[in-house]
Amino acid sequence: MKQKILVAGGTGYIGSHTTVELQNAGYEVVIIDDLSNSNIEVLDGIEKITGKRPAFIQLDLKDKAGTLKALQAHPDIKGIILFAASKAVGESVQKPLLYYRNNIETLLNLLDLMPEFGVEGIVFSSSCTVYGQPDPEYLPVTENAPIKPAMSPYGNTKQINEEIIRDTIHAGAPFKSIILRYFNPIGAHPSAEIGELPLGVPQNLIPYLTQTAMGIRPELSVFGDDYDTPDGSCIRDYIHVVDLAKAHVIAMDRMLNNKTEENIEIFNLGTGTGVSVLELIHAFEAATGVEVPYKIVGRREGDIEKVWANPEHANKVLGWKTEESLTDTLASAWKWQLKLRERGIM
Ligand code: UFG
């Protein structure tokens, strides 16, 4: 029988790609999303790709009574993947209480309700932000690198959520958890039926870059070229969102089908390669043949100079590794931007 998975935040960027991979792997998906930062039409994209429309409940997961009702309607849910969260670093500095409330209450409600419904595992969306700027001896970053004080309320919610899960499991909760620390997810499904759709002016590099390439923005600002890196711009580990999505399917299978003895596990999800902002711009130009006008401006406050993953733990233990090249990843981001134009969205 198909196992049923609740994807909390399933109409969002990573959630929608993960729903596609879960359905392709034979899972049945129920999405809960409040649509505060995503669009109901994402369900059409998922259906076009997989031939199946996931069940959908529009709900804010801070609403515990509503969450209880949703679980009563689907009492056979076996696993949960929690994406639903606020994620803008800058906004979190302005509105900390919003971030603490959204990102923590949601998790508390789900953890509280899981035992009653026999939900066996939860995959949590964490971030390499928990490592802050790792000291040089910890680059590339393994899961054992020290956790640094968070640079923003957003980052702090990721750390606190990890601790809440750890403490709950140590206290004997009857479920397992896998915490996935993402590096920088970019790109879109190769069909261009789903992708990243930021509201307003994009804060992240790739949507800003593709909108600039499209002529929507006059030029891309590169935040700093005086860092201690080979070309002076910041270094990140950019991972194709489809590769990232596939890791969630493996993690879920591992928990639900008894492929691990551990009650809680943590994995870094990255490619293992650091790429600078300037390298990324030039790789995009080479992948698409489209020029990206850019200028160097001052550093962005709070930016980490360089961080990239050591993904060996996930490679060995999950049997997962990234498959997509940076070129294909950037080409997919561009194809998605072209699709948005074609659909008259942007
Ligand atoms: N950058 C620019 N110009 C832009 C936007 C970004 O030069 O217009 C640079 C940034 O300075 C940084 C790199 O591009 O060096 C990547 O920036 P992003 O904003 O795309 O991503 P971050 O690494 O800053 O942050 C991302 C997520 C956060 C998460 C963090 C760590 O957006 O949610 O990774 O996990 F917390």
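**Reading the labels in this model**

Me: Why is Arg181 called buried?
Reply: Arg181 has a relative accessibility of 4%, and buried means under 20% relative accessible area, exposed over 50%, and partly exposed in between (1.4 Å probe, protein chains only), so Arg181 counts as buried. This is a predicted model, where local features need pLDDT of at least 70, side-chain atom pairs count only at pLDDT 80 or more, and totals for chains, interfaces and linings use all residues. Residues are numbered from 1 along each chain as its sequence is written, and side-chain values use heavy atoms, leaving out hydrogens and water.

Me: How do you know that Arg181 forms a salt bridge with Glu162?
Reply: Their closest N and O atoms are 2.6 Å apart. A salt bridge needs a side-chain nitrogen of Lys or Arg within 4 Å of a carboxyl oxygen of Asp or Glu, so the pair qualifies. Glu162 is buried too, at 8%.

Me: What makes Lys306 and Asp228 a salt bridge?
Reply: Here the N to O distance is 3.8 Å, which is also within the 4 Å limit. Lys306, at 18%, counts as buried, whereas Asp228, at 57%, counts as exposed.

Me: Why is Asp76 called partly exposed?
Reply: Its relative accessibility is 35%, which lies between the two cut-offs. Asp76 pairs with Lys4 at 3.1 Å, and Lys4, at 8%, is buried.
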